[in-house]
Amino acid sequence: MLQKVTSLAAACLAYVTAFLAPVQAQERSATTIFENVRIFDGKTAALSAPSNVLIRGHLIERIAQDPIPADRRSDTQIIAGGGRVLMPGLSDVHWHAMLVRPTPAQLLSSDIGYTTLLAGEEATATLMRGFTTVRDMGGPAFSLKRAIDEGILPGPRIYPSGAVITVTGGHGDFRELADLPRTLGGPLSRAEQLGGSIVADSPDEVRKRAREQLMQGASQIKLTAGGGVASPFSPLDVTTFTEAELRAAVEVATDWGTYVATHAYTPSAIQRSIAAGVKVIEHGHLMDETTARLIAEKGIWLSTQPFTDLGGAAVLPPDQQQQMMQVVRGTDLMYNLVKKYKIKTAFGTDILFSKALAERQGQAIVDLTRWFTPGEALIMATSKNGELLSLSGPRNPYPGKLGVIEQGALADLLLVDGNPLENINLIADPTNKFLVIMKDGVIYKNTIPR
Ligand SMILES: [Zn+2]
């Protein structure tokens, strides 16, 4: 049945994409040469001397200051860079591909087909903002990922987590009080049926639910180890899973060669996650000094975002607005601790339920410059994110190097009109400033003036 629904959703996507065709991928040339570009390689905050870059298939084959001759045996597309900046595609390692466009009410009342179609259009918009990779931290994104990978519609690479695993009443339990109590083995809620989240209240249940996500192709497992700003039944201060439950997920993920990431704001939720073997902490905005030191010492990744204003807070009830303010204040402390303890930090936005907010995805990188230099912010959103993504090991759906421009890396590239290391605001204006967008060696946009 699930298989049937999956292929139906993919077929719907194909039809709508063919019909509307908002963005056309070019046929991939056997080789592409970017001529006369200055390279920001994703690792160092500096530009190279004017260079040429040869792409063969989906990989960067050669980078040279001397001219690279076109391959006579095959078609070569030449892109005249005109001295502009070539940089790696951006990534967002805390994304919810299926949850960006619909409202929560739409999500729970629609069938998965409608939600997937909305997500398809959003996926194309995401790629057109220069985000060539996203790590999906919860939602039924497997069919969307498949359709993108099959070339049915343009979109970013997706590292899916599948359903978020939560405890009864935890962040991600979308049931109403009227749905309680659930009999043991009772029917699944709507959010669970859709694959958005799934409740587990013992190590055994956690194992089952984690394995179900891996069975569908999850590249990592996501659990909510503590409460959330907008969760009706678990305030921000609450610690949810027991250490044994978290460890059950870690054991399953480890057996599959991958890792567990937990939603955790507070010292208690973070510390318990680390004790259980969790490799990546999502958010972390309320961490204290002791916790920051622990994260650094253990080499744990922090995947977080700058919550800098109260965007969207107005619609929240007063107690949740309070929690939102706590997180905004925590953002400043957290990034200062990140710098003090040199915590391995990745960038993601966690944008939900708003097309308008999604259009500001690149602005979130600009917002990082309250704490970091433009170079540091861009390195985070490219090579650092790429390092984090590689933790999926054998479950990595896109083996190869991401977020860097170097020989042998995957060819996800942006040609920028201007130097983002000097003017970071260019990143927030992808329509006008990203002249070429390439993913996996395929050009999805080329507006270089002729
Ligand atoms: Zn999230």
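The model is predicted: local features need pLDDT of at least 70, side-chain atom pairs count only at pLDDT 80 or more, and totals for chains, interfaces and linings use all residues. Residues are numbered from 1 along each chain as its sequence is written, and side-chain values use heavy atoms, with hydrogens and water left out. The protein comprises 14 helices and 18 strands; helices (H or I, at least four residues) and strands (E, at least two) are DSSP runs, numbered from the N terminus.

**Overall form**

- The radius of gyration of the protein is 22 Å, which agrees with the value near 22 Å for a compact globule of 450 residues. This radius is taken over C-alpha atoms, and the globule rule is 2.2 Å times the number of residues to the power 0.38.
- Along the principal axes, the C-alpha atoms fill a box of roughly 70 × 50 × 45 Å.
- Of the 450 residues, 56% are buried (under 20% relative accessible area; exposed is over 50% and partly exposed lies in between, with a 1.4 Å probe and protein chains only).
- Among contacts between residues at least 6 apart in sequence, 70% join residues at least 24 apart, where contact means heavy atoms within 4.5 Å.

**Zinc site**

- H94 (NE2), H96 (NE2) and D350 (OD) coordinate the zinc ion at 2.1 to 2.3 Å. Donors are N, O and S atoms within 2.8 Å of the metal (3.2 Å for Na, K and Ca); water is not among the atoms, so sites may look incomplete.
- The spacing of the zinc donors along the chain is H-x1-H-x253-D. H94 in strand 6 (residues 90-95) and D350 in the loop between strand 15 (345-347) and helix 11 (355-358) are 256 residues apart, so that the pair links distant parts of the chain.
- H94 counts as buried because its relative accessibility is 0%, and D350 counts as buried at 15%.

**Strand 6 and its partner**

- Strand 6 is largely enclosed by the rest of the structure, because 6 of its 6 residues are buried.
- Strand 6 pairs with strand 7 (residues 131-136) in the parallel sense over 4 bridges; two strands pair if DSSP finds at least two bridges between them.
- S91 stands opposite T133 in strand 7.

**Strand 16 and its partners**

- Strand 16 (residues 413-416) is joined by 4 bridges to strand 5 (residues 85-88), and the two run antiparallel. L413 in strand 16 is the bridge partner of P88.
- Another 4 bridges join strand 16 to strand 17 (residues 434-439), also antiparallel, with L413 opposite M438.
- L413 and L415 point one way from strand 16, L414 and V416 point the other way, and all are buried. In a regular strand the side chains alternate between the two faces of the sheet.

**Helix 3**

- Helix 3 is largely enclosed by the rest of the structure, because 12 of its 17 residues are buried. Among them are L118, L127 and M128.
- Just after helix 3, G130 takes a positive phi of about 90°.

**Loop residue S29**

- S29 lies in the loop between helix 1 (2-20) and strand 1 (31-39) and counts as buried at 12% relative accessibility.
- Leaving aside neighbours within four places in sequence, S29 is in contact with D75 and Q77.
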